[in-house]
Amino acid sequence: MNTLREIPCGTTVRVVRLLGEGAVRRRIMDMGITKGTSIFIRKVAPLGDPVEVTVRGYELSIRKADAQMIQVEKEES
């Protein structure tokens, strides 16, 4: 299973599962990233941190460590 950190730019994915526990998981969910949500990968910084994505119509930058906790699958076109 791929994580958000491993996905290249320009790809749309769907959230399958959120890893992590407690406050970290709650913070990710508060950003609008929940199971079944579509995420478009806009940009990845040169060193991989942060990852800029579009979620639910707004732009969001996610740290590499947080992106590693989001399991995704490629969305069918």
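Two strands pair if DSSP finds at least two bridges between them. The model is predicted. The protein holds two helices and six strands. Along the sequence the pattern reads β-β-α-β-β-β-α-β.

**Overall dimensions and surface**

- The radius of gyration is 11 Å, which agrees with the value near 11 Å for a compact globule of 77 residues.
- Along the principal axes, the C-alpha trace spans about 30 × 30 × 25 Å.
- Of the 77 residues, 34% count as buried.
- The exposed surface comes to about 4700 Å², and carbon and sulfur atoms supply 50% of it.
- Among contacts with a separation of 6 or more, 58% are between residues 24 or more positions apart.

- Six strands make an open sheet, ordered E1-E6-E2-E3-E4-E5, with antiparallel pairing.
- Strand E1 (2-3) and strand E5 (58-62) stand at the edges; each has a single partner strand, so one side of each has no neighbour in the sheet.
- In a regular strand, side chains alternate between the two faces of the sheet.

**Strand E2 and its two partners**

- Strand E2 (residues 12-18) runs antiparallel to strand E6 (residues 70-74), and five bridges join the two.
- Within this pairing, Arg 17 has Gln 71 of E6 as its bridge partner.
- E2 also pairs with strand E3 (residues 38-44), again in the antiparallel sense, over three bridges.
- Here Val 13 has Ile 39 of E3 as its bridge partner.

- Gln 71 counts as buried, because its relative accessibility is 15% and the cut-off for buried is under 20%.
- Leaving aside neighbours within four places in sequence, Gln 71 is in contact with Met 1, Asn 2 and Thr 3, as well as with Arg 14, Val 15, Val 16, Arg 17 and Leu 19.
- Of these contacts, Arg 17 is also the bridge partner of Gln 71.
- Asn 2 and Thr 3 make up strand E1 (2-3), which stands at an edge of the sheet.

**The E4-E5 hairpin**

- E4 and E5 form a hairpin with two residues between them.
- Which residue in the turn has a positive phi?
- Arg 56 does, with a phi of about 50°.
- Across the pairing, Val 53 stands opposite Leu 60 in E5.
- E5 is an edge strand, so one of its sides is left without a neighbour in the sheet.

**Arg 27 in helix H1**

- Arg 27 lies in helix H1 (residues 22-30).
- With 33% relative accessibility, Arg 27 counts as partly exposed, because the value falls between the 20% limit for buried and the 50% limit for exposed.
- What does Arg 27 touch, not counting residues up to four places away in sequence?
- Arg 27 touches Arg 63 and Asp 66.
- Arg 27 and Asp 66 are 39 residues apart in sequence, and their C-alpha atoms are 9.6 Å apart in space.

Technical notes. Residues numbered from 1 in each chain as written. Predicted model: local features only at pLDDT ≥ 70, side-chain atom pairs only at ≥ 80, totals over all residues. Heavy atoms only, no water. Helix = DSSP H or I, 4+ residues; strand = E, 2+ residues; numbered from the N terminus. Rg over C-alpha atoms; globule rule 2.2 N^0.38 Å. Buried < 20%, exposed > 50% of the residue type's maximum accessible area, 1.4 Å probe, protein only. Contact = heavy atoms within 4.5 Å. Areas by Shrake-Rupley, 256 points an atom, 1.4 Å probe, with all protein chains shown as cover.
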